[in-house]
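I opened this notebook to record, entry by entry, what I looked up in the coordinates and under which cut-offs. The entries start with charged side chains and then move to sheets, surface and packing.

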Amino acid sequence: MAALNQALVLALESNPKESYVVAAETLLRLLDNIIREPQNVKYRTVRIDNPSIREKLLAVDGMKQLMLAIGFIEANGTLTIPSNVLLANLRRYREFIHERKELIKNPPKRTGKSEPEMVLQPSGSSATVKQPQQQAQQKQPPVIKSSRPFLARIEFPRVVQGNNSLLRQLELLSDQVMQYEDELLLASAKNLIPIDTLTARAKSKLTQWKRLLETNPRPEQTTKEPSEEDLLLEELTAWFRADFFTWVNALPCTVCANESTQLVRSMVEDGVRVEIYRCCGQLRHFYRYNDVEKLLQTRRGRCGEWANCFTFLCRCLGYDARYVFSTGDHVWTEVWSERRQRWIHVDPCENVLDAPLMYEHGWHKEITYVFGFARDDVQDVSFRYTNDHQRLLQRRRQAGACPEQDLLDAIWKLRTKRRAGLSCTPERVSFLRKRTIDECLELLGNAGRVPSAAEREGRSSGSLEWRLQRGEQQVNTRYMFIPTEEEVQAKQFNIRYCCATDCYERFLKGASNRVNERITETSSGWESRQYVSRNIFRKEEHDWKIVYLARTEGTDEATIEWNFDFSVQGLRVKQIELCFGQETYEGAKVELYYIKSDGSQSQALSSLCECGKFTLQARLSGGKSWQHAQLFRQSKSASDEYPFEMNIVLM
């Protein structure tokens with residue numbers, strides 16, 4: 001049964017009381033009609049352009065999002081509850097909405113008397129009697145509220161001139177983090193954090209640390225005993241990932257429960273980017289909020305929403321925190337540690353702290369630009385996230401996104417803008433300048449640093465399919481083609497791949513080749529029979545009905561390898577034929593290399609003759625876009641065509 005999203009119900013209470021009550025009662029009537037007559041189709045659908053629905057129901061901020069969470073589907077100007085949505089789930093929402101509406105409409109009177117009071121229980125349970133002491137102990141869920149609308153919180157005069165897209169984005173992000181400084185929002189959101197529980201855990205860890213150092217002192221180690229604040233940050237990160245926020249790859253289908261629904265389009269609605277997913281003929285909307293007030297209510301999203309909300313919660317606890325943006329399409333957080341006197345990398349999506357090289361060495365991303373944005377600072381922190389500074393600078397020159405001097409000037413202007421807006425004291429400005437100098441020295445010292453074991457780990461957030469499509473995890477299938485007994489006896493090896501069906505076939509030729517061929521093995525998935533690949537995914541162009549393998553978006557190069565070993569049975573290649581479909585555009589390249597067991601490589605297929613073990617490697621690079629180098633392009637309907645086929649006669 002789907003979980004009851006209480007946060008969206010509670011979010012309605014931030015609306016004016018009168019409009020909230022009218023909207024809640026309207027929604028309750030809709031739900032009551034469906035629950036009372038579930039087979040009556042007319043009760044399951046409401047038209048969005050109906051004046052009563054538009055003015056009484058949907059005019060309330062957050063109502064549409066709640067209705068979609070309940071199970072309503074938006075299609076053709078209507079909101080409809082599908083027939084297979086469980087009535088039990090509708091009843092749970094109905095009871096909770098009714099309970100909250102009654103509490104807002106008729107708040108309990110505080111008479112000071114000690115008589116017991118009847119209290120409604122959620123989820124349809126019977127009323128119970130609670131004593132006044134119990135009433136005092138029961139806390140109402142906090143109402144999240146800011147003092148100003150989102151756009152007003154992030155509206156500042158521009159100081160970076162020109163139309164350079166990178167510099168304009170930096171100013172936008174620098175302004176956006178100022179939404180965290182709303183005092184009312186900070187105060188109300190702090191109540192969401194189980195601070196007593198997290199603090200108790202941090203203190204327990206600190207006690208364990210001290211006992212460990214007392215019983216097993218290691219003076220040769222330079223690692224400092226952690227502070228309670230650093231340990232509290234660890235607990236906050238773990239709680240945020242496990243209990244507070246939810247990762248969304250795609251909105252699951254409410255009809256068939258498919259979690260890999262198809263993204264059909266994106267649009268902007270009231271300044272918010274909306275992703276629209278389709279399955280079973282129904283559409284669902286996923287709102288990609290930048291407003292942290294909204295995120296505290298929905299508590300779901302991908303890395304952008306996670307880092308945005310987590311950085312804000314760090315500010316709620318008084319941490320000096322940065323929102324960190326990378327042009328490699330990922331965002332995270334940095335928190336200043338007083339104990340360590342440096343910034344600590346924190347990725348709430350992964351529940352990982354202080355492992356900045358993991359994106360380069362674990363996720364195999366190429367680091368080009370990484371920036372940290374705080375309320376009174378902006379910093380280029382790219383050197384923290386790579387240990388190969390020369391290659392980083394080379395990538396920047398090749399990308400040509402922005403001259404380095406222009407970038408430095410923009411960062412200086414943004415720093416000045418932030419500090420002037422906060423009216424920083426001379427002491428604070430002096431501290432910030434010294435910290436910036438110390439950080440620059442620290443970043444320079446990062447060159448050549450050996451990554452830790454944690455920094456070699458791949459990504460864990462998001463589904464495997466989603467991670468592989470983004471090229472953020474090297475695919476180490478490590479599959480090796482070794483001849484079967486039948487292939488040894490026939491002295492032949494044949495493999496082919498159809499991109500349309502995304503399937504490999506291993507087969508034996510008959511006397512008349514394909515006329516009498518026999519398929520001996522099939523395997524689904526382009527990665528199932530590869531050895532290793534990097535930055536490769538299978539692209540489906542739904543409009544053109546074309547499929548192919550390409551490098552992932554945002555990457556400059558990609559590789560894929562297949563490994564063959566006939567030497568186990570003492571066999572070698574006598575004759576080899578290869579069909580390897582490839583398409584290139586706008587100067588892109590696909591290069592094939594044949595690598596022998598001794599490490600030597602050649603681009604001549606004939607070099608494999610008399611070879612017992614080899615690797616076929618394809619390298620994709622160049623072009624003006626990621627899709628300009630393609631492998632195995634074919635129509636989605638071409639299920640009997642094989643753009644990749646290798647035929648080997650063995651000896």
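I began with aspartate 502 and arginine 538, whose side chains meet in a salt bridge at 4.0 Å, N to O, the term being used for a side-chain nitrogen of Lys or Arg within 4 Å of a carboxyl oxygen of Asp or Glu. The pair links distant parts of the chain, 36 residues apart, with aspartate 502 in the loop between strand 18 (492-498) and strand 19 (503-510) and arginine 538 in strand 22 (residues 536-541). I take helices (H or I, at least four residues) and strands (E, at least two) as DSSP runs, numbered from the N terminus. Aspartate 502 and arginine 538 are both buried, where buried means under 20% relative accessible area, exposed over 50% and partly exposed in between, with a 1.4 Å probe and protein chains only.

I note here that this is a predicted model, in which local features need pLDDT of at least 70 and side-chain atom pairs count only at pLDDT 80 or more, while totals for chains, interfaces and linings use all residues. Residues are numbered from 1 along each chain as its sequence is written, and side-chain values use heavy atoms, with hydrogens and water left out.

**Entry: other salt bridges**

I found 50 salt bridges listed for the structure. Aspartate 175 counts as buried at 8% relative accessibility, and arginine 418 is buried with a relative accessible area of 2%.

I then checked lysine 205 and glutamate 234, whose side chains form a salt bridge at 3.4 Å, N to O. That pair links helix 10 (residues 195-215), which holds lysine 205, to helix 11 (residues 228-244), which holds glutamate 234, across 29 residues. Lysine 205 is partly exposed at 31% relative accessible area, and glutamate 234 is partly exposed at 28%.

I traced an open sheet of three strands in the order 1-3-2, with antiparallel pairing; two strands pair if DSSP finds at least two bridges between them. Strand 1 (45-47) and strand 2 (73-75) stand at the edges with a single partner strand each, so one side of each is left without a neighbour in the sheet. The twist averages 25° from one strand to the next, with axes being lines fitted to C-alpha atoms (for helices over the stretch in contact) and angles running from 0 to 180 degrees between N-to-C directions. Strand 1 is joined to strand 3 (residues 78-80) by three bridges, and arginine 47 stands opposite threonine 78 of strand 3.

**Entry: strand 27 and its partners**

I saw that strand 27 (residues 589-596) pairs with strand 29 (residues 613-621) in the antiparallel sense over eight bridges, with lysine 596 opposite phenylalanine 614. Strand 27 is also joined by two bridges to strand 28 (residues 601-602), again antiparallel, and there isoleucine 595 has glutamine 601 as its bridge partner. Strands 27 and 28 form a hairpin with four residues between them, and glycine 599 in the turn has a positive phi of about 95°.

**Entry: tryptophan 239**

Which residues does tryptophan 239 touch, not counting those up to four places away in sequence? I list Leu192, Ile193, Pro194, Leu198, Phe244 and Leu313, contact meaning heavy atoms within 4.5 Å. Tryptophan 239 lies in helix 11 and counts as buried at 9% relative accessibility. Tryptophan 239 and leucine 198 are 41 residues apart in sequence, and their C-alpha atoms are 8.2 Å apart in space.

**Entry: the chain as a whole**

Among contacts between residues at least 6 apart in sequence, 67% join residues at least 24 apart.
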